[in-house]
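Subject: Structure for your review

Dear colleague,

Please find below the sequence and structure that I am handing over to you. My findings follow directly after it.

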Amino acid sequence: MTDDGAPRRPRRAASKNVNFHNGTPTPGRVAAPSAMHYVGYVEEDETPEMIMAKFEQLERIQQEAEAAKRERAAERKSAAGEGSCGVDGSGGNRDNEGGGGAQGEADADANNDDFDEEMLIKVFKQTSQFSVKSALAVTDMWGGGGSGGGGGDAESEDDMYVDDDGLQGLDNEFWAEIFGGTHKRKREGGRGGAGATGVPREKKPKPPPKPPKQHMITAYNSDNQMLMRKKKFIDPRAPVVLKIPNHPIPESWGRVVKPYCPPAVIAAEQNALTDCMHVTVPILRTDLTAYGTDFLAVHVNPPWDIAASPDRGGITLEEIATIPFQKLAPYGFVFIWVEKENLSAVCDVMMRKQFVYVENMTWVHKKPNNVIAGSAARYLKRSHRTMLMFRRDVRQYPKAKEVELRHQRSADVTLDVVQTTASGRRAIPPHVYKAMETLLPEALKVGYKGRLLELWSEPGPAGRRAGWTVVSDEPKS
């Protein structure tokens, strides 16, 4: 039993015949067992693939042994044939005896399917990942500090095989029956025996357990055609080396903060963008087809009439249903921002316009301190927005299949800080616009007019974007 009361792991049958002191056999005692006794043992960390590889190696060894037997039988048969050509009678009898002996040895080889000691040692060397020395390291097997032949933390021979309580006073015959040899009794009076008056030996305290952190490394050994697995222990107290690239550090290593720029300069840059049409009209009362009827994408960001919405407006589902998306993008996509309260209803509206749902993008709201933001909602806090992606139904409009797409170039989730625009609404992250432009490469072809439309854009220079037709809603008077 161990100190905590748990039963110790039983020793291997071969190691029971050896008494050790500090991890090595003591002279004058039973000799160390042969490697043949450990054929077939499996370590705890071996995988089924490694075990099957052992069987393959064993079959190869058996085939080699059978081939050697056949060669020996052929040699004996040849020798017996040459011996039968003797002239004298005694020679003839001798040849018959020799032939009988050769035939007997051949029959013995044929009937002997067991491996001899030499063959078993060969099997052990080619199929085992441990040595006899490591298998006999009892202290390492029981959780002690020694491994192999070091035995560093082994206290004594008596401490390795007996406990302090309940095993004192037993005779040598008991130890001989258990371990197959002699063993000294643990004397009750310490090292001096029962009548000793010295101070009892204090048990050395066990060292603290090592941290359980480790890495399993698997490598293929081409010599024996097996997968070898080794444990690499890592000291958590060791220093961690972090290599930083040379200056300038790439943007992937952190967030880049743009230098301050006056608002007038930003507005001038936005107004100077080429291939951008920006108008401010009453969207619901304007014929939007005047701006184009071959858009590949329509980006809609309506201020929904939802009580708990952070940027509540006056747009309803009935008003969205009046927008002719089927005329603006007859073979394209519609990207529309929804709230959790009307997500299902928007899908029904778009279905009636022969647009099917294909994907969605989620914008997770974050605060400047990198914490997920949350605003009021009916059931759970509102901490994200969802942009639904609809495509013209290709079953009814096969031409919609001809639109070139760049799939899986952008993530479907973006984490960004909530920023408020000049009109008091939540600003759409730039990553969203980049994802739409990446998905539809033909929408921004060089030398052609941009084929992207945005409704309910931010008024003023802040809403402009190259290659887009941007429509802002005129405030109601």
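The side chains of Arg382 and Glu341 form a salt bridge with an N to O distance of 2.8 Å; the term requires a side-chain nitrogen of Lys or Arg within 4 Å of a carboxyl oxygen of Asp or Glu. Arg382 lies in the loop between β8 (355–366) and β9, and Glu341 in the loop between β7 (333–338) and α11 (343–352), so the pair ties together parts that are 41 residues apart in sequence. Arg382 is buried, with a relative accessible area of 1%, while Glu341 is partly exposed at 39%. Here buried means under 20% relative accessible area, exposed over 50%, and partly exposed in between (1.4 Å probe, protein chains only). Helices (H or I, at least four residues) and strands (E, at least two) are DSSP runs, numbered from the N terminus.

Please note that this is a predicted model, in which local features need pLDDT of at least 70 and side-chain atom pairs count only at pLDDT 80 or more, whereas totals for chains, interfaces and linings use all residues. Residues are numbered from 1 along each chain as its sequence is written, and side-chain values use heavy atoms, with hydrogens and water left out.

By the rule above, the count comes to 8 salt bridges. Another of these joins the side chains of Arg426 and Asp311 at 3.0 Å, N to O. Arg426 is in the loop between β10 and α12 and Asp311 in the loop between β6 (297–300) and α9 (317–320), so this pair ties together parts that are 115 residues apart in sequence. Arg426 is buried at 6% relative accessibility, and Asp311 is buried at 7%. Asp311, Glu339, Glu341, Arg382, Arg385 and Arg426 are linked in a network of salt bridges. Asp393 also forms a salt bridge, with Arg395, the closest N and O atoms being 3.1 Å apart; Asp393 is buried at 5%, whereas Arg395 is exposed at 69%.

The second largest pocket has a volume of about 1,700 Å³. A pocket, on a 1 Å grid over the protein atoms alone, is an open set of points where a 1.4 Å probe fits, with protein on both sides within 12 Å along at least five of seven lines; lining residues have an atom within 4 Å of a point. Grid points are joined across faces, edges and corners, and the volume is the space filled by probe spheres set on the points. This pocket is lined by 48 residues, of which Thr421, Ala427, Ile428, Glu458 and Ala462 lie nearest its centre. Two or more lining residues come from each of α8 (263–271), β10 (413–417), α12 (430–439) and β12 (468–473). The largest share, 4 residues, comes from β10. As for α12, 7 of its 10 residues are buried, among them Val432, Tyr433 and Leu439.

Some backbone features also deserve mention. Most residues other than glycine have a negative phi, and most peptide bonds are trans. Gln408 has a positive phi near 55 degrees and is exposed, with a relative accessible area of 81%. Trp456 has a positive phi near 60 degrees and is buried, at 3%. A cis peptide bond, with omega about 0 degrees, joins His247 and Pro248; Pro248 is in the loop between β4 (226–233) and α8.

Yours sincerely
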